[in-house]
Amino acid sequence: MVDKQAEQGGSPEPRRRWGFGSASLVILCLLVVGQGVGVLLGAALRNELGDRAWLLGGFTLFGALYLWTARSSVLTFFRSMHTGVALVAWSAIAVCAGVLVPQIDGFEDPEQRVTAVNYEEQYAAFRAAEGYFFYHLLHLYGLGMPKGEVPPTVEEGLEKFARLYGKEEGDNRRKQMTTSFASQPKMADIAQFTARHDSAFRGFFDLATALELNRAYKSSWFATLLFLLAVSVGLNTFRGPPRKWLGPRKLGGTVTHVGLVAMLLGGGLSKLQSERGIMHLDLREGPKNEYFRYYDSAKRSAMPFWVGLDRFARKEWKQLEVHFPNEGLTSTPPSYTLWPGRELELDYVTKEDGSQRPGLRLRVLELADEARVRPPDVREAGEADGSQALGPLAKLTLTLPAEEVDHVDEPGSGHDHGPKEMPVFLAPTGQNAHFFDPGWGFRVMAHHGGGAAEELFPVADGQGPLLGELSLRVDLAGDVVPRTVPIHLGETVGVPGGYVVTVERAVAHFRLENGTEVVDERPLEQVRPDNPGIWVSITGPEPEGADAGAAAPEPERRLVLEAIDSEESGLQDNYKFEGLVLGFRWSRWNAPGPPRFVLDWSGGEGRLLGEDGTSVGITAGRDLALPSTSRVTPLGFFDNAVLERAIDFMPEKTGSDGVDEDFYLRAPRGLALEVIRNPDTPQETSQIVRLASTSDYLANWWPSQDERFALRFFENTRIMPFEWRSVLSVWNRDARGELVKVDLGPQAEREIRVNDYFQHRGYRFFQTNADPSYPTYSGIGVVFDPGIPLVIFGMYTIIVGTVLAFLFWPKTRQSKHNALASTDGGAA
Amino acid sequence: MLDTLTNWALCAPSARYLAVTDLLCLLGAVASLIAALDHGRRARAGQSSRSPAARLAVLLMMVATGTILFSVYHRWREVNHFPSQTMGEVIVMFSVGLLLAMVALHWALGIFQRGPGWAVIDDLLVAMVLVGVYYSDAHAGSLSSAQRDLPPALQSLWFAPHIVALIFSYATMGIAALICLVYFCLRFWSGALLGGQTRASQWLILIGLVLVPFSQIVTLPVFLLSAPVFLWLARSARLPGREQLAKLEKELEEVSFRAFAVGFPFLTAGLWMGAFWAQEAWANYWGWDSKENSALITWLVYVLYLHLRMLGRFRGERAMGVLMAGALSVFITFQVFGYLPDSQKSLHRYTDESVAPVEGQMTPGAATAGQDQEN
């Protein structure tokens, strides 16, 4: 960067000698000036300076003239080794400031500032981050932090867990629990710490805001620093004749410096010209040319062309859970990601010599991207079927009229809109005991064996209509598992902790339009419960102590929807009584609705009982007499049925234009697994099991015959996906103003995924967002940045230069060492 | 290690090979210490021959390098991807880097070939690195070994080279810092016992070795352990004279620079490979993410060291002080990063135990009024 001979007075004219201190001070002054000019320039560009803009222009001109007249001194300053080193040191300190001071939310946006509107929000984030940092700095190595102990009951569970899932899984679960129990008191301590030092943090935040330390990388002082660095590197790279800086001794350094200058110039171009944002594309919508700058819906930019979403898919990891239902484990089982050849060893047993061996080995034989599950064959169970037998079961066919088909198909699934037949299985025990008409014309419940079928109809209990179950959990009362109570319309429930919950209104199908609830005026029983919920009012605990005489706080009005977990969705934090967690489950059988029927096949005869007391005998193959446009036809009744699994794996597909068609399939995935009992022993048995990742016909579930364990195969949507992909198309307006698709080649050329973006006319599009509950949406990042090629070139050049410098270094070291030997005093 | 050795059949192959590595490292460290004593005795007797214990230590170190590579190979099979997704896996990779770097530097620096007394320094360095590997693995063992799937952003060809280049450079820079540590211990105790150092210099060294947070977990034990050794050397009149020590210090400084020179190209390549990767993943070569910034600070500190040494002719305490500051920056980037204020919203928290990174972190807050659910 700097030629040391210049420092040694090689030039004939006397020059000022810069030291680290003086150079650093001058740089600091230049940063202050740069910041001031940057602020004023911003104001001038926003027309806020008025006539004073001339003053700024004059000042700039004067500064430029002064620098020109003093160019020799300027050159001396920038060519000083001390200046170069001080600039590197200042750069490190500046970057360090940005690491130690949390950058404000949205700092990527050059226009983002701390304002009166967002002050508290920005400060809260700052305080949380700084509080976390300072707390740990003051409790180095955990000294003085509160400790959390794993309760003995949890310890017992962990031992059982290790026996079932293996030592490694047991150890990992123990570490997880230890961390979890330790973090609770620690986080509480951190919260107290930050609250105690609030005024100090607020002062720090105000100072950081004033100095723009919390948007350091977008500040004018930082830009000034990088500009000075580029000037310094540039001026010191090409000193002397070319043979000097291209010779073997200096070539590496020269190349590195060229790369650095290119990178800084590219960065400057990026700062002046780049723009980032996000496009929200939907498979159901047309092309768009607008994107939201810096993810802000209020800042929209338009591109000179339109982008459409031709295809989109999110592929999840295929995982397996192994349950041991009779072991009474309360913790969730591990989820195993699957790949061909993976082996899992479980259910350890103790051998005679005291050592342990696995009692179960699972080996993944095949994974398929598309599995087709056919309606299973049903037969009466024999003795050999063991736990595979499901108990009583009725097999029926539901025939939907054409107008009802849309209710059961996903939008855009491409099914023919004609009458549709689908098999239905009803089992009195388990989750398939009920069947509800898609057109909401009737409700059916299965019955077989013990108890009178008539008893299944709900009996009026003098309260309002029974709606379902309300689950209640009070954090402050130390509840871990929620308490569940049946809930009626208008009922009031007292909750530990002094809360009182009253059900004010029930909604069978909650909908919003423009942020307002759409109230369905029909009677509750006529509305199909597609999105049921209840409106409740909650009063909090009575005030205590000094507040005992105060007026009771206003009740909170809360909507509790069946489909939304308030904690997972983050809604819980917004509630007035955030310590009270409520959940709701609508009882589709007991709540108001269409007529109820019981389908009974006890004692070898089938009959359909109506709530009104009617009883009609039924015959296989003849439609049931039900009040609906849908037809239900019984096919067979079984006392103890076995379903014969029918899962086919489809061959891999490859598109004609190079895309992986399987990726875009929304079909269930398939798994073939070898289940080996007592592996590596004389009692070893093996069985091949096929599963599919759909609950249709229980294709995702396989219980072992001895009921020791059960397997569940699924695609995990609760963790990061395996991958997301979108196929984009580009559109232009023609002379008539209509959008016309631009031919950009096969889909493979326009397919984007994380780590593989698509570029068109200077805009880069990359996959950034998706939502498993919104399968047609794809969030596409948009970047326009002409500085990228120069920066990337600079970075590659730096690597090449560094390798050259240290490849040549051993050869040149000796001569340099000799040259320095005479002057080596250990000081600069 | 003991837990794995006593539950051999219940442990995964990667854990078994790691336990064997740890055992070899402990044995190698003991052999190195024996070799150091033997080499000291030989140096006093004017003999230049190598101790068999030193040969055994190096052999154990090389075998340990082989076994830890087997461990990584098996871990790769066990998790079905390059094993650097969890912090436990990354720390084991650091152990691999330490062993590979020490094996390479052992021959590249050739410290043991410089003279009879130099073999002692080489033995101590090998012993410190082997103990370092043992403690790194012990720390990895205290973390969860559960398999974690690679999120989409990590499924890149850059993943392995970026991590390998950085980890190898961290290990090499760590070894350079260990040489500096030996230098400062030597300088402090020789100053305390023989004099010749300024009071300010002595205090600065003491504060640097004892009070600097995070680096003190390495510097403090070594500093304290070196005390009885130097006291014993002084008591038994075996401590070399001031001139010999000054020459030794100068050579140590040179050796530390050569170790740095091996690591710096890897650090540079690793840092900018991360930028290439970010460009492919998010079309954003530099997002001013705090992990990127911490790595950049480390690189700038080493650039500073390079310029101060090459152009400013910094030598001795000042140059080695900057070199140790670089190692501290490496440690902060590698292990302390999660506590830094600006790291809470970092995109680089994949290795955290308690953090499930969200791919859509590039879309903070309310992206649009009508599409809140997308975030």
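User: In the helix pair α6(B) and α8(B), is the crossing left-handed or right-handed?

Analyst: In this predicted model, the crossing of α6(B) and α8(B) is right-handed, a term that applies because the near helix is turned clockwise from the far one by less than a right angle.

User: What makes α6(B) oblique to α8(B)?

Analyst: Helix α6 of chain B, residues 159-194, packs against helix α8 of chain B, residues 216-235, at an angle of about 45°, and their axes are 10 Å apart. Angles under 35 degrees would count as roughly parallel and those of 65 to 115 as roughly perpendicular, so the angle of about 45° makes α6(B) oblique to α8(B).

User: Which residues make the contact between α6(B) and α8(B), and how do they divide into nonpolar, polar and charged?

Analyst: From α6(B) come Leu181(B), Cys185(B), Trp189(B) and Leu193(B), while α8(B) gives Thr219(B), Val222(B), Phe223(B), Ser226(B), Phe230(B) and Ala234(B).

User: Why is Glu212(A) called buried, and where is it found?

Analyst: Glu212(A) is found in the loop between α9 (198-210) and α10 (220-237) of chain A. A residue needs 20 or more C-beta neighbours within 10 Å to be buried, and Glu212(A) has 22 of them inside 10 Å, so it counts as buried. Glu212(A) also has a positive phi of about 55°, although it is not a glycine.

User: How do you know whether Asp680(A) is buried or exposed?

Analyst: The limit for an exposed residue is 12 or fewer C-beta neighbours, and because Asp680(A) has 9 inside 10 Å, it counts as exposed. Asp680(A) has its place in the loop between β29 (670-677) and β30 (685-692) of chain A, and its phi is positive at about 60° although the residue is not a glycine.

User: What makes up the side of chain B that touches chain A?

Analyst: The contact takes 72 residues from chain B and 77 residues from chain A. On the side of chain B, the elements giving two or more residues are α9 (242-282) and α10 (290-310), and the largest share, 12 residues, comes from α9(B). The residues of this side divide into 40 nonpolar, 24 polar and 8 charged.

User: Into which domains is chain A divided?

Analyst: Chain A is divided into domain 1 (1-232), domain 2 (240-274 + 785-828), domain 3 (275-316 + 720-784) and domain 4 (466-586). Taken over C-alpha atoms, the centres of domain 3 and domain 4 of chain A are separated by 40 Å.

Notes: Residues numbered from 1 in each chain as written. Chains lettered and ligands numbered in written order. Predicted model: local features only at pLDDT ≥ 70, side-chain atom pairs only at ≥ 80, totals over all residues. Domains from an automatic or database assignment. Axes fitted to C-alpha atoms, helices over the stretch in contact; angles between N-to-C directions. Helix = DSSP H or I, 4+ residues; strand = E, 2+ residues; numbered from the N terminus. Parallel < 35°, antiparallel > 145°, perpendicular 65-115°, else oblique. Contact = placed C-beta atoms within 7 Å. Nonpolar A, V, L, I, M, F, W, Y, C, P; charged D, E, K, R; others polar.
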